[in-house]
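The sequence and structure come first, and the description follows.

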Amino acid sequence: MGRFVARRLLQMIPVFFGTTALIFFMVHALPGDPVAAMWGDKAPDPVQVAALRHQMGFDKPMVQQYFDYMGKLLTGDFGTGLDQRPVIDKITEALPVTIRLALFAFAIEIVLGVAIGLFAGLRRGKAFDKGALVMTLLLISIPVPVLGFIFQTVFGQNLKWVTPTVQDSNDITQLVLPAIVLGSLSLAYVARLTRTSIAENIKADYVRTAVAKGLPRRKVIGTHLLRNSMIPVVTFLGTDLGALMGGAIVTEGIFNVTGVGNALFKAINMKEGSTVSGFVAFLVLVYLAAGLIVDLLYAVLDPRIRYA
C-alpha cells in the first residue's frame, strides 16, 4: 500500500503542473488589458499603467511569468490580485462558505442518492424503480440555472419557506436551498449508479451464498451487497466532491452566496489572471486529493483488491 501511495503522489506532480500551465496560459491569453480595466470607463494614465504592469510582472514574457508564478506557488504564495490583496487571503475568506455548501450538498446526494438507488435496485422493474428512473432523468435533464430559478420561485417567493437569495452566507439554514440545487445533478447520478450496481450484484454468487447460509436479510444487504456495490459510487463521489466546489460558481451566483465560486466568477469578469489561476490551482489540489482518497477506499470496500 505504501508503494501505491508513493506512486500516486508522483503521478500527481505532472498532472498538477500540466493543469496549472494550461489554465495560466489560457487566462493570460484572454484579450484586453486587466490593468487598464482598473480605470473603468475613464482613460487610464499610461505612466501609471506601465508602472503597475512592471510592478505585477506583466511586462515580462509569458513563459517567464509562468515560471515566476509556479516558483511562488510551490512556496504557498498563490499570487496577488489587481487589488493588491494576496489571493490566499481571498481563498481563506471564501473557502469556509463553499466547504459548508459543498459538504451540505455532498451529504444530501449521498444519503438520498444511495437510499433511492438501494430501494430501486432491490425493487427493479416495480413502481418505485420506474418512478426513481423518471425523477433522476428529470434532474439530469434540467440545467442548474433553470432548476435554481424554479426552486427560488416555488420555495422562496411562492411558499415563503426560505429566502430566495442568501442574505448571510455564514447562516447554515440559508444554504439549504442552494445545497439542494447544487447536489441535485449528482444525486441523480448517485441514485442511478447505486441502482444499477445493486441490481447486478444481487445476482452474484457471494450474495446467494450469504442467503443460503441463513444470514438475516439486513446483514446480507448491508454487509455483502451494499458494500461491494458502492465501489463505482465511491469513484463518482470522490471526483464529485471537487466538482461540487468548482461547480458552485453557478449556484453561488444564482443564490448570492459569497464563496469560492462567486469570488472566481468576479475574478473572471475583472480579468484578474492571478486570482483565477490561484483559485483554480487550489481546486486542482482538491481534485487530486479526492482522487487519492478514492483509490485508498477501494481496498477498504473490497478486500479482494490489493495494491502492489
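Phe 128 is partly exposed because its relative accessibility is 40%, where buried means under 20% relative accessible area, exposed over 50% and partly exposed in between, with a 1.4 Å probe and protein chains only. Phe 119 is partly exposed too, since its relative accessible area is 40%.

The model is predicted, so that local features need pLDDT of at least 70 and side-chain atom pairs count only at pLDDT 80 or more, while totals for chains, interfaces and linings use all residues. Residues are numbered from 1 along each chain as its sequence is written, and side-chain values use heavy atoms, with hydrogens and water left out.

**Ring pairs.** A pair of aromatic rings is described by the distance of the centres and the angle of the planes. Rings of Phe, Tyr and Trp (its six-membered ring) pair if their centres lie within 6.5 Å; planes under 30 degrees apart count as stacked, over 60 as edge-to-face and the rest as tilted. The count by this rule is nine aromatic pairs. Two of them are set out below.

| Pair | Centre to centre | Angle between planes | Class |
|---|---|---|---|
| Phe 119 and Phe 128 | 6.4 Å | 80° | edge-to-face |
| Phe 155 and Trp 161 | 5.6 Å | 40° | tilted |

In the tilted pair, Phe 155 is partly exposed at 25% relative accessibility, and Trp 161 is exposed, with a relative accessible area of 61%. Elsewhere, ring pairs join Phe 24, Phe 25, Tyr 66 and Phe 67 into a cluster.

**Cavities.** Two cavities of 30 Å³ or more are found in the structure. On a 1 Å grid over the protein atoms alone, a cavity is a set of points where a 1.4 Å probe fits but cannot get out, and lining residues have an atom within 4 Å of a point. Grid points are joined across faces, edges and corners, and a volume is the space filled by probe spheres set on the points.

The largest cavity holds about 40 Å³ of space. Its lining consists of Ile 116, Gly 117, Ala 120, Ala 132, Leu 133, Thr 136, Ala 191, Arg 192 and Arg 195. At least two lining residues come from each of helix H4 (87–122), helix H5 (127–141) and helix H7 (176–201); helices are DSSP runs of H or I with at least four residues, numbered from the N terminus. By class, the lining has five nonpolar, two polar and two charged residues. Here Ala, Val, Leu, Ile, Met, Phe, Trp, Tyr, Cys and Pro count as nonpolar, Asp, Glu, Lys and Arg as charged, and the others, Gly among them, as polar.

About 30 Å³ of space lies in the second largest cavity, which is lined by Thr 20, Ile 23, Phe 24, Tyr 69, Ser 277, Val 280 and Ala 281. H1 and helix H12 (273–301) are the elements that give two or more residues to this lining. Five of the lining residues are nonpolar, two are polar and none is charged.

Arg 195, in helix H7, is buried at a relative accessible area of 15%. Apart from neighbours within four places in sequence, Arg 195 is in contact (heavy atoms within 4.5 Å) with Gly 117, Ala 120, Gly 121, Arg 124, Asp 129 and Leu 133.

Val 27 belongs to helix H1 (residues 2–28) and counts as buried, at 17% relative accessibility. Val 27 and Ser 274 lie 247 residues apart in sequence, and their C-alpha atoms are 8.7 Å apart in space.

Technical notes
On a 1 Å grid over the protein atoms alone, a cavity is a set of points where a 1.4 Å probe fits but cannot get out, and a pocket is an open set with protein on both sides within 12 Å along at least five of seven lines; lining residues have an atom within 4 Å of a point.
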